[in-house]
Amino acid sequence: MQALLGIDVGTSGVKVVLFDEAGQPLAGALRDYPLYQPAPGFTEQQPEEWWAATVAAIRHVMAASGVRPEDVAAVGFSGQMHGLVLLDGQGQVIRPAILWNDQRTKAQADWIAAHVGVERSIAWTANPPLPNFTATKLLWVREHEPDHYQRIAHVLLPKDYIRFRLTGELACDVSDASGTLFFDVAARRWSDEMLQALGVPAAWLPPVHESHEVVGRVSPEAAAATGLATSTLVVAGAGDQAAGAVGNGIVEPGAVSATIGTSGVVFAFTDTILKDPLGRLHTFCHAVPGAWHVMGVTQAAGGSMQWLRNQLGQLETAAAGLLGIDAYELLTQEAAQAPAGSEGLLFLPYLNGERTPHLNPAAKGVFFGLTSRHQRAHLIRSVMEGVAYSLQDCLALIEGLGIPVGEIRASGGGARSPLWRSILANVFGRAVTTIHANEGPAFGAALLAGVGAGIYPSVQEACRRFVRTVGAVEPDPQAVAVYAAYGEIYRSLYQALQGEFRKVDDLVRRFHG
Ligand SMILES: Nc1ncnc2c1ncn2[C@@H]1O[C@H](COP(=O)(O)OP(=O)(O)O)[C@@H](O)[C@H]1O
Ligand SMILES: O=C(CO)[C@@H](O)[C@H](O)COP(=O)(O)O
């Protein structure tokens with residue numbers, strides 16, 4: 001028996017799952033780590049805490065599965081994208097990682113827009129400069145922390161740091177590299193033009209591979225720490241959205257997924273490179289050779305529910321432990337008591353600014369339409385509905401590029417909720433399915449590992465064999481009409497409040513920054 005290990009270095013924690021050759025999970029482990037917010041708009045994590053959590057999760061999985069270490073054929077990675085990890089010449093981490101949802105780098109994104117130009121940025125990298133992308137984070141360090149900047153020898157993405165600890169190899173893959181703004185997405189290699197224009201040494205960036213390619217083996221030190229064998233291969237892996245798409249079978253034309261993780265993403269496969277002229281959708285390499293994808297991103301999808309749970313769900317959080325279910329289940333059960341449309345209560349999920357379609361890091365979250373009639377159930381449901389409207393904004397732009405959209409596959413933690421899936425179906429006005437497995441990007445990472453180890457002939461073939469859709473939810477015409485009507489107001493609210501978001505942002509910087 002050969003086993004495959006998928007490691008997903010997520011935002012809330014690391015998920016490690018061991019699968020057999022037939023894609024069946026043998027054992028899994030989740031280990032959380034903290035997210036630090038040292039100032040308004042800043043989000044950081046400690047790479048050492050990712051590694052400690054990964055080691056603990058791998059040890060747990062190996063012990064729980066009883067699989068012999070030498071039977072683990074290969075490891076594949078998935079990871080939160082865009083985060084900046086800086087290493088010095090000795091391979092030591094220089095400062096905490098600056099994450100994908102950090103909002104501090106608007107000035108650096110504006111600087112790139114002014115000095116390189118949005119059009120040239122899209123021509124060279126397929127994407128406009130956005131605060132979320134790694135390049136702006138590196139420029140921020142250059143400007144604000146020159147001592148740190150001078151020590152840089154290597155720039156890595158989050159999962160690639162974990163691979164470095166596991167193998168000693170510096171490497172990246174085409175899908176994750178696409179989210180740095182240093183990458184020529186059309187040619188699938190680092191962009192000399194962009195690196196030169198930004199004055200960033202190309203030598204800082206690691207070699208780039210297709211996602212299934214083998215980049216090394218587990219090192220003796222990492223084998224001692226994790227319990228894995230030094231014979232185990234390690235493949236390049238993918239950014240969490242591309243890895244999740246592989247796990248969902250989004251590897252052929254017409255396949256589209258909607259993921260509610262901490263962020264929310266609508267993801268469509270493309271076999272040619274397609275770009276939104278205004279850069280509102282990301283155009284990235286897929287984890288499938290010769291393929292690309294477009295995706296729209298909601299900054300705080302599950303993140304909005306997490307915020308609500310933390311602020312209003314202390315009782316549920318305490319009770320969940322006793323009842324053996326999670327707090328989100330209790331909260332979404334309560335949301336089901338409010339009707340579709342939440343009796344006129346609307347939520348704009350811009351708690352961490354917004355990417356698609358507004359590209360505005362200063363956008364703010366809003367509850368609109370509150371009356372004394374509204375109860376907690378309405379608040380919870382309106383958050384779920386607001387996230388769905390935001391994903392619908394992403395879907396509309398994808399359809400606007402002429403990409404065919406059939407049924408939509410829902411995934412991520414939020415898709416565990418049948419209510420959220422039915423809200424998605426009614427807001428999209430389309431059938432929404434999920435897949436049989438709920439290991440998400442870790443499953444995709446393991447399939448990529450299987451291709452790299454030669455167990456499966458291709459990523460598409462692995463998906464054809466192992467990915468099954470289940471649980472189709474059809475849209476209900478009455479609810480579709482309700483959401484179409486409220487959706488119009490949702491969209492007009494951003495237009496009405498855009499100026500106020502900017503003013504509030506300035507005031508927060510002035511008084512609380
Ligand atoms: N049972 C549930 N019902 C509704 N939402 C859920 C449930 N479980 C998790 N979630 C949502 O999923 C999010 C986490 O999704 P996940 O895919 O695990 O995220 P990430 O990969 O970003 O860490 C949570 O923030 C929460 O909003
Ligand atoms: O920023 C993006 C994609 O562009 C996010 O997908 C991050 O890669 C992490 O998101 P979660 O998986 O934690 O929601």
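1. A residue counts as buried if 20 or more other C-beta atoms lie within 10 Å of its own, as exposed if 12 or fewer do, and as partly exposed in between, with C-beta atoms placed from the backbone. Ala126 sits in the loop between helix 3 and helix 4 (134-144), and its phi is near 75°, a positive value in a residue other than glycine. Helices (H or I, at least four residues) and strands (E, at least two) are DSSP runs, numbered from the N terminus.

2. Before going further, please keep in mind that this is a predicted model, in which local features need pLDDT of at least 70, side-chain atom pairs count only at pLDDT 80 or more, and totals for chains, interfaces and linings use all residues. Residues are numbered from 1 along each chain as its sequence is written, while chains are lettered from A and ligands numbered from 1 in the order in which they are written. The protein chain averages a pLDDT of 96, and 100% of the residues score at least 70; pLDDT is the predictor's confidence in each residue, from 0 to 100. The model scores ipTM 0.97 and pTM 0.94.

3. Leu181 also has a phi near 75°, a positive value in a residue other than glycine. Its place is the loop between helix 7 and strand 10 (183-184), and Leu181 counts as buried because it has 29 C-beta neighbours inside 10 Å. Another backbone detail is the cis peptide bond between Thr356 and Pro357, with omega about 0°. Pro357 belongs to the loop between strand 20 (346-348) and strand 21 (366-368).

4. Now for the overall layout. The chain is divided into domain 1 (3-248 + 441-469) and domain 2 (259-439 + 477-512), with bounds that come from an automatic or database domain assignment. Their C-alpha centres lie 25 Å apart. Across the boundary, 44 residues of domain 1 are in contact with 32 residues of domain 2, where contact means that two C-beta atoms, placed from the backbone, lie within 7 Å. On the domain 1 side, helix 10 gives the most, with seven residues. The residues of that side divide into 22 nonpolar, 18 polar and four charged. Here Ala, Val, Leu, Ile, Met, Phe, Trp, Tyr, Cys and Pro count as nonpolar, Asp, Glu, Lys and Arg as charged, and the others, Gly among them, as polar.

5. Where does ligand 2 lie? Both domain 1 and domain 2 give residues to its shell, so ligand 2 lies between them. The shell has 16 residues, and the closest are Thr11, Met81, Trp100, Gly261 and Thr262; a residue is near a molecule if its C-beta atom, placed from the backbone, lies within 6 Å of it. By class, the shell has four nonpolar, eleven polar and one charged residues.

6. Strand 16 (residues 256-260) deserves a look: five of its five residues are buried. Val256, Ala258 and Ile260 point one way, and Ser257 and Thr259 the other. Strand 16 pairs with strand 17 (residues 264-270) in the antiparallel sense over five bridges, forming a hairpin with three residues between the strands. It also pairs with strand 22 (residues 408-411) in the parallel sense over four bridges, and Thr259 has Ser411 as its bridge partner there. Two strands pair if DSSP finds at least two bridges between them.
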